Structure formats: C-alpha cells, structure tokens
Amino acid sequence: MKPLTPKTCDAIVYGHNCEQSSYTIAKQLGCGKTTVNDILKRFHKTHSLTPKKQTGRPPLLNSPAQQ
C-alpha cells in the first residue's frame, strides 16, 4: 500500500465528521474501505494522522555499499 498524503487523511477525517460512511469516503477518494477504517482508528486512538515510526532491524549495508 502506498502511503496516503496528509490531504487525503484530512479528507477522510472530514468525511467521517460529516457522518459519511466508510464506503462512501473510500469511493470518493479512490482508496479502500479498510484503509479508511485504519486511518479513522489511528486518529481516534492517537488524535494524530501521522503514522507510527517503522521499527525493525536497520539495513546491514548502506546505499554506496549495496551498489
């Protein structure tokens, strides 16, 4: 899944505040209903639209060494 723009995330929250269904918001913005629900869940949980920092093991090689 490609990351959504902040403008799209704002539109999702705005549509939800206008009492539109997840299906209607997804159809208008051209994304999936699950994506809309995930954005709304994150917004209600953290009151922020920024995604969590990705965790995990850092790459073993840096860019010049990979080439």
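1. At 63% relative accessibility, His47 counts as exposed (exposed is over 50% relative accessible area, buried under 20%, partly exposed in between, with a 1.4 Å probe and protein chains only). Most residues other than glycine have a negative phi.

2. On the basis of the note: this is a predicted model, in which local features need pLDDT of at least 70 and side-chain atom pairs count only at pLDDT 80 or more, while totals for chains, interfaces and linings use all residues. Residues are numbered from 1 along each chain as its sequence is written, and side-chain values use heavy atoms, with hydrogens and water left out.

3. Overall make-up. The chain has four helices and zero strands, and its elements run α-α-α-α from the N terminus on. Helices (H or I, at least four residues) and strands (E, at least two) are DSSP runs, numbered from the N terminus. Of the 67 residues in the chain, 18% are buried. Among contacts with a separation of 6 or more, 38% join residues 24 or more positions apart; a contact means heavy atoms within 4.5 Å.

4. Helix H1. H1 consists of 12 residues and spans 17 Å from its first C-alpha to its last, close to the 16 Å expected at 1.5 Å a residue. The expected span is 1.5 Å times one less than the number of residues. Cys9, Ile12, Val13 and Gly15 are the buried residues of H1. Seen down the axis of H1, these fall within an arc of 160°, so they line one face of the helix; the arc is that of the directions from the helix axis to the C-beta atoms. Pro6, Lys7, Tyr14 and Asn17 are exposed on the other side of H1. The buried residues of H1 pack against helix H2 (22–29) and H3.

5. Helix H2. Ser22, Ile25 and Ala26 are buried in H2. Down the axis of H2, its buried residues fall within an arc of 95°, so they line one face of the helix. That buried set packs against H1 and H3, whereas Tyr23, Lys27 and Gln28 are exposed on the other side of H2.

6. Helix H3. With 14 residues, H3 reaches 20 Å from its first C-alpha to its last, close to the 20 Å expected at 1.5 Å a residue. The buried residues in H3 are Thr35, Val36, Ile39 and Leu40. Viewed down the axis of H3, they fall within an arc of 130°, so they line one face of the helix. They pack against H1 and H2. The face of H3 turned away from its buried side carries Thr34, Lys41 and Lys45, which are exposed.

7. The contact of H1 with H3. The axes of H1 (residues 6–17) and H3 (residues 33–46) come within 10 Å and cross at roughly 80°. H1 and H3 are therefore roughly perpendicular to each other (65 to 115 degrees; under 35 counts as roughly parallel, over 145 as roughly antiparallel, the rest as oblique). Axes are lines fitted to C-alpha atoms, for helices over the stretch in contact, with angles from 0 to 180 degrees between N-to-C directions. From H1, Cys9, Ile12, Val13 and His16 meet Val36, Ile39, Leu40, Phe43 and His44 of H3. By class, this contact has seven nonpolar, two polar and no charged residues. Ala, Val, Leu, Ile, Met, Phe, Trp, Tyr, Cys and Pro count as nonpolar, Asp, Glu, Lys and Arg as charged, and the others, Gly among them, as polar.

8. Glu19 and the loop between H1 and H2. Glu19 lies in this loop, just after H1. Its phi is positive, about 65°, although Glu19 is not a glycine. At 75% relative accessibility, Glu19 counts as exposed.

9. Two glycines. Gly32 is in the loop between H2 and H3 and, at 32% relative accessibility, counts as partly exposed. The C-alpha atoms of Gly32 and Ser22 are separated by 8.9 Å, and these residues are 10 residues apart along the chain. Ser22 is one of the buried residues of H2.
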